[in-house]
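Student: I would like to learn how to read the fold and a helix pair in a model such as this one. Could we begin with the order of the elements?

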Amino acid sequence: MNLLNNVLYIIWDIDPRIISEFEFLRWYGIFWVIGLLLSYQVMLKICIEEKQLQFGLDQLITYLILGIILGARFGHILFYDPVYYWQHPIEILPISLEPTLRFTGLSGLASHGGVLGAFIAFYLYNKKYPTNYFWLLDRLTIAASLLGGCIRLGNLMNSEIIGIPTSLPWAFIFLRIDELPRHPTQLYEAIFYLLIFTLLFILWKSGKIRQNKGFLFGLGFLLIFTQRFLVEFVKENQVAFEKGLLLNMGQILSIPMICIGILMIIWSR
């Protein structure tokens, strides 16, 4: 912590690498793995309790992991910086040739793209392994909200997706970025995700809305992207072209997701 202008701020200077000499092992990847493992356990618990193990959960998770990662990567490329990647196509992969060949990791993942990738993967899975589409989608939304919280904690460890400067007493100073106290927007989103997960899980556990297929999915979409829309107001723009926009790209992409959530809630009732 640091005392600046009589306000106690949190100094954040975490090395994104778990071992400084080992470039490939990063906290961000560890939180992804933790999120996937916890999400898998949630899905397994749900399937066992509801006696719905007739579909291949392992195959489903494999489809979704590939869909989320590929969708998130290409979503970032298409939504945020298509011109740069058109000029540097090799950097679509987790490497860079400038100034020398180096491993960069997937330094650019868009959550909206991850959602679209997950839908495509789920569609392909459902074609090969037909199942109750909306029943499964409801349950996956519970697990996905938990995964989202873990991913945002990974962003915090990377000192990325930072907030705008603030004088609030819980501000973080991300020393790897600058020395300004800022909103810890990664932490805000992580907390929101975990609260949404808790709410959805409690609603599922109560059993009152289990027959309303699509309700948990709709509610999850509505809450996740509403909080995303609101947090964007205290978040730094990710790319330069957002500076002149009334709403940034994250907010623009969240609006149709919110509408889908509302429509699904209405339809499910």
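Tutor: Helices (H or I, at least four residues) and strands (E, at least two) are DSSP runs, numbered from the N terminus. In this predicted model, local features need pLDDT of at least 70, side-chain atom pairs count only at pLDDT 80 or more, and totals for chains, interfaces and linings use all residues. Residues are numbered from 1 along each chain as its sequence is written, and side-chain values use heavy atoms, with hydrogens and water left out. From the N terminus, the elements of the protein run β-β-α-α-α-β-β-α-α-β-β-α-α-α, which gives eight helices and six strands.

Student: What share of the 269 residues counts as buried?

Tutor: Buried means under 20% relative accessible area, with a 1.4 Å probe and protein chains only; by that criterion, 46% of the 269 residues are buried.

Student: At what angle do the axes of α7 and α8 cross?

Tutor: Axes are lines fitted to C-alpha atoms, for helices over the stretch in contact (heavy atoms within 4.5 Å), and angles run from 0 to 180 degrees between N-to-C directions. Here the axes of α7 (residues 215-231) and α8 (residues 249-268) come within 7 Å and cross at roughly 155°. Because angles over 145 degrees count as roughly antiparallel, α7 is roughly antiparallel to α8. Among the residues making the contact are Phe 221 and Phe 225 of α7 and Ile 258 and Ile 262 of α8.

Conventions. Angles under 35 degrees count as roughly parallel, over 145 as roughly antiparallel, 65 to 115 as roughly perpendicular and the rest as oblique. Buried means under 20% relative accessible area, exposed over 50%, partly exposed in between (1.4 Å probe, protein chains only).
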